Amino acid sequence: VASALNTLTSAQARFLRLLRWHQDIDAPPDLYESEPSIYWRSSRSDQGDNHHHVSRPIENNDGVQGIPVPCGIVWNESLEEGLRQLWDSASNEPIAHELLREARLLAVSGSSRSALLMAATAVETGVKDHVGKLRPDTRWILQNLPSPPIEKILRKYLPEMHAESTAVADWTVLSPLWKACGKLFEARNVTAHSGADTDSGSVRQHIQTATDILYVLDVLTGNLWARQRVSDQLRG
């Protein structure tokens, strides 16, 4: 019984993490507030439901452009097929997206400086993981030696790595995103070195920048569905 329960809950956790990544469903980093349950709801209720893995309790529904606001799960044949392909490919939600989820939670809880640092960490982790997977010979260098600025890797090295890819027809379209990435890390450095505070509006924009970067990396990895997860401005 214990073995069967472990198998089921492990599969459930992987499914829920893939679902949140695939649909950009915002929720706390932890899947459960208590012990896992095989039976669950998609949102809080007055009936004692203590699982919050697919609800959206931490997002400010204030209409900020590019920040997703719908609650719960959207489901149709196309989304079902996309998730099925992820499941069959043995994929898992990238750790960078998990870190970004933590940044969002910190931002909503009022910890703007911590949220900024975590958003930058999510981008740095995502970029290094992306490069390391495509160029395994660089993995040790990325992990053990000071790497070039993340903006420079994105602006200069990424197009070179994907020179044969058709996922991005015009790399100049991404120049504003790389510039925003530079601003994110400038703000991170100021906060990390001086403890300077930052306003919540700026942090939300930096988090959106991080979201766009991570989903662009997903597109370049072959997950073309991620095109629909970037901000409206970048998608246009």
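A residue counts as buried here when its relative accessible area is under 20%. Keep that cut-off at hand for this tour of a predicted model.

**Stop 1: the whole chain**

You will find nine helices and zero strands, so going by the DSSP runs, the order from the N terminus is α-α-α-α-α-α-α-α-α. Of the 236 residues, 44% are buried. As for how the fold is linked up, take the contacts with a separation of 6 or more: 66% of them join residues 24 or more positions apart.

**Stop 2: the largest nonpolar core**

Hide the surface and select Val-123, Val-127, Ile-150, Leu-154, Trp-178, Ile-213 and Val-216. These are the residues with the most contacts inside the largest nonpolar core, which has 48 residues. H8 gives the largest share, with ten residues.

Next, zoom in on Ile-150 and show its neighbours. Leaving aside residues up to four places away in sequence, Ile-150 touches Val-123, Glu-124, Val-127, Cys-181 and Phe-185.

**Stop 3: the aromatic cluster**

Select Trp-21, Tyr-215 and Trp-225, which form one aromatic cluster. How many aromatic pairs does a search of the whole structure find? It finds two, and you can look at them in turn.

Begin with Trp-21 and Trp-225. Their ring centres are 5.2 Å apart and their planes meet at 75°, so this pair is edge-to-face. The pair links distant parts of the chain: Trp-21 sits in helix H1, while Trp-225 is in the loop between H8 and helix H9 (232-235), 204 residues apart.

Are these two tryptophans buried or exposed? Both Trp-21 and Trp-225 are buried. For Trp-225 the relative accessible area is 18%, and because the cut-off is under 20%, Trp-225 falls on the buried side.

Now turn to Tyr-215 and Trp-225. Here the ring centres are 6.3 Å apart with the planes at 75°, so this pair is edge-to-face too. Tyr-215 lies in helix H8 and Trp-225 in the loop between H8 and H9, so the pair ties together parts that are ten residues apart in sequence. Tyr-215 is buried as well, with a relative accessible area of 1%.

**Stop 4: a charge over a ring**

Select Arg-14 and Trp-87. Arg-14 lies over the face of Trp-87, at 4.2 Å from the ring centre. Turn the view until you look down on the ring of Trp-87 to see Arg-14 over its face.

**Stop 5: two loop residues**

Look for Asp-24 in the loop between H1 and H2. At 8% relative accessibility, Asp-24 counts as buried.

Ala-90 also is not a glycine, yet has a positive phi, of about 65°. Find Ala-90 in the loop between H2 and H3. With the surface back on, is Ala-90 buried or exposed? Ala-90 counts as exposed, because its relative accessibility is 56% and the exposed class begins over 50%.

Terms used
Residues numbered from 1 in each chain as written. Predicted model: local features only at pLDDT ≥ 70, side-chain atom pairs only at ≥ 80, totals over all residues. Heavy atoms only, no water. Core = buried A, V, L, I, M, F, W, Y, C linked by side-chain atoms within 4.5 Å. Buried < 20%, exposed > 50% of the residue type's maximum accessible area, 1.4 Å probe, protein only. Helix = DSSP H or I, 4+ residues; strand = E, 2+ residues; numbered from the N terminus. Contact = heavy atoms within 4.5 Å. Phe/Tyr/Trp six-rings, centres within 6.5 Å; stacked < 30°, edge-to-face > 60°. Lys NZ or Arg CZ within 6 Å of the ring centre and 35° of its normal.
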